[in-house]
Amino acid sequence: MADTLTLFTSIGLSEQKAKETLKNEALSSSLKEAIVQAQRVCGASGVDKAMGTLLYNMASRLKDIKRLPLLSDSIAQSKICTELQLAAALDFVKNHPEDPINQKEFEETCGVGVVITPEQIEDAVETVIKKHKEQLLQERYHFNMGLLMGEARSALKWADGKVIKNEVDMQVLHLLGPKTEADLEKKSKKAKVTENEAKAKKEDVAANGEVTAGEEKSLMEQLKGEALKFHKPGENYKTDGYVVTPKTMELLKQHLELTGGQIRTRFPPEPNGILHIGHAKAINFNFGYAKANNGICFLRYDDTNPEKEEEKYFTAIKEMVEWLGYKPYAVTHASDNFQQLYDLAVDLIRRGHAYVCHQKGEELKGHNAPPSPWRDRPIEESLVLFERMKKGLFAEGEATLRMKMVMEDGKMDPVAYRIKYTPHHRTGDEWCIYPTYDYTHCLCDSIENITHSLCTKEFQARRSSYFWLCNALDVYCPVQWEYGRLNLTYTVVSKRKIIKLVEAGIVRDWDDPRLFTLTALRRRGFPPEAINNFCARVGVTVSQTMTEPHLLESCVRDVLNDSAPRAMAVLDPLKITIINLTENSKTDVRVPDFPANEARGSHVVPFTRTVFIEQSDFREVMEKGYKRLTPQQPVGLRHAGYVISVQKVIKDAQGKVVELEVNCCSSDTAEKPKAFIHWVSQPLVCEVRLYERLFLHKHPEDPSEVPNGFLTDINPDSMQTISSALVDTSVKGAKVFDKFQFERLGYFSVDLDSTADKLVFNRTVTLKEDPGKI
């Protein structure tokens, strides 16, 4: 150990760095071999600090250890002298995993022997500055100098970056002179995009059939081609952490022959609950990535836990995927592969990588479970016992099949098969042993020739086991990529917790509009386009995302503003009698479906002597700043062309205003009122449900915010039912999920509880708040 420490410090590592390196057995072994190899080449001259730094960086980043002699020699011979050349060398060997290396091609790729003169650097920088001269003179030191650096570096790949920067600084100073006070001021923000520009951009994106995301990139743009830096099909070995075995290249070749180089993804939900908003991101990512790159995506049910699976979940999952606008290439089930998975498990035992264990479930919990005393039992014995498990000769929990490997989180020997005497919804009583997620997931991906296995971040700890199992069985190994989970505040999405809410009578079912399951959001009236746009706006990130519901609601408003026709509704009616109209007076008023674009259509509503307005649109006592109806102040009726003024206020025995008698006159002749309000006449009586957040705190599952548990954090005003709301007749005949904007109130959707006699509306979202409206 002391000799190795001395060896490491001899190449320039500090003693502390050397000691840290010794703790990493794999890195320590690689670095030691690299130094010894370099010393053989250098001889008496030895390994200097610059060379030592390159050797350390190489040893810590090299995945294919058989290439270590080649790279060590190249560094020792001063063929690789810079970090830039080392990066190129590491890329080259990663992209050429098979022997032998073409030395000439390798050296050309790494810039061996390339000499960049100061004159070349000067000329290249001069060319770049000449190209941007006009903009440089205009923006001066506010210009993005990184652009000049980048273009100069592209022209001179192997030049020293510091030398290029010095040359850029010098030539810019020569062109612009010293910085002035104006140059030192912060650059002003870009002007806001005009309404016409925004509209043009939106139309352009919509014309291409892509999911819009406001000012952000569309989802298709985020997922297309090189945007995500994913590997190309068949180039799995170029991915960091991917394990290359002697059979890897042959298996990849077979994979490419079968798939034709097509991208293949899958969305693999467990059919034991309803999908929620987090799944929407997974659906968009998996189906969207395939769609953006002309690939295919499977909907695969991970149906390996028969105790919790129900047919209604299978149906609802497929329905929600299609509701979001995606069509699976094929619908498959893990159970389709039960026989093949069993055969592979037998092969795994034969190879010495799995064994039958009799430790109880409680003994296996946690990360410090005691080692199994059956880990080293003879292969033939495990084969016999596994066959007995299959035949139902053990009780549940009496035996499991475990894999001989350590997961990234330190958990040893994960279970591959367990016994469950529960009939399966598809295979009935054929099986009494069922594979686990850790065993099934990667093998089903392999069987379906998936190219990109896209998982949320919590599965990162299973990546090494994913690669290990495929390689242990010598089957095609896809690449697992992780992305950040999407979480929303003010809600819970766990199946277990939603069931508790239902059982406690707090919500009605999985599709209660206060929840954030996809069926609940559909029932509340959220358009699928808005959910997809929300996923695009959140973006395809690796980091976990905690997002506020108002961002989703903003996406909903953007879609409904363009798609929901207008109607008028009064939730808290006040009767208005227009005394200067006759008893039988009735006219038709034409109301545009979309006031901003009347060419998109209109509907007709009646206008009679009796109309209804909102109670809040009248105040008996005038208050400063109030712009609507008072005894002293007239108000306009939207779309009707009339202005009304109060003649008499009628109250009940308790002193509550129950009716107003008014006069009306044409808005063409009357003085322009301060406000126009909505109204209804001869309306339909409907039920309206208004929703607020279900929980009072942002994080109802966090004990620091809600010490007594999420069930104690329920908002008592999360739902308000108005049984006798009045809605204009244009909504008559509306179907379930039809959407409207009730003017000045919000966006509403027809609920499943509607009948032929009475429509029920859910408020989807309120209108954008206008601080100036009183």
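Ser 74 is buried, at a relative accessible area of 3%; buried means under 20% relative accessible area, exposed over 50% and partly exposed in between, with a 1.4 Å probe and protein chains only. The structure is a predicted model, in which local features need pLDDT of at least 70 and side-chain atom pairs count only at pLDDT 80 or more, while totals for chains, interfaces and linings use all residues. Residues are numbered from 1 along each chain as its sequence is written, and side-chain values use heavy atoms, with hydrogens and water left out.

**Surroundings of Ser 74**

- Ser 74 belongs to helix α5 (residues 68-76); helices (H or I, at least four residues) and strands (E, at least two) are DSSP runs, numbered from the N terminus.
- Leaving aside residues up to four places away in sequence, Ser 74 touches Lys 79, Ile 80 and Phe 106, where contact means heavy atoms within 4.5 Å.

- Six of the six residues of strand β2 (residues 296-301) are buried, and the strand is mostly covered.
- In a regular strand the side chains alternate between the two faces of the sheet.
- From β2, Ile 296, Phe 298 and Arg 300 point one way, whereas Cys 297, Leu 299 and Tyr 301 point the other way.
- Strand β1 (residues 264-267) pairs with β2 in the parallel sense over four bridges; two strands pair if DSSP finds at least two bridges between them.
- Leu 299 in β2 is the bridge partner of Phe 267.
- Between β1 and β2 the chain passes through helix α16 (residues 277-292), and this β-α-β crossover is right-handed: with the strands pointing away from the viewer, the path from the first strand over the helix to the second runs clockwise.
- β2 and strand β3 (residues 330-333) run parallel and are joined by four bridges, with Leu 299 opposite Val 331 in β3.
- A right-handed β-α-β unit is made by β2, helix α17 (residues 311-323) and β3.

**The seven-stranded sheet**

- An open sheet of seven strands has the order β12-β24-β25-β26-β22-β23-β13, and its pairing is mixed.
- Its edge strands, β12 (566-567) and β13 (569-570), each pair on one side only.
- Strand β25 (residues 746-750) and strand β26 (residues 760-765) are antiparallel and share four bridges; Val 750 stands opposite Phe 761 in β26.
- Helix α26 (residues 549-563) lies across β12, β24 (739-742), β25 and β26, and runs at about 120° to β26. Axes are lines fitted to C-alpha atoms, for helices over the stretch in contact, and angles run from 0 to 180 degrees between N-to-C directions.
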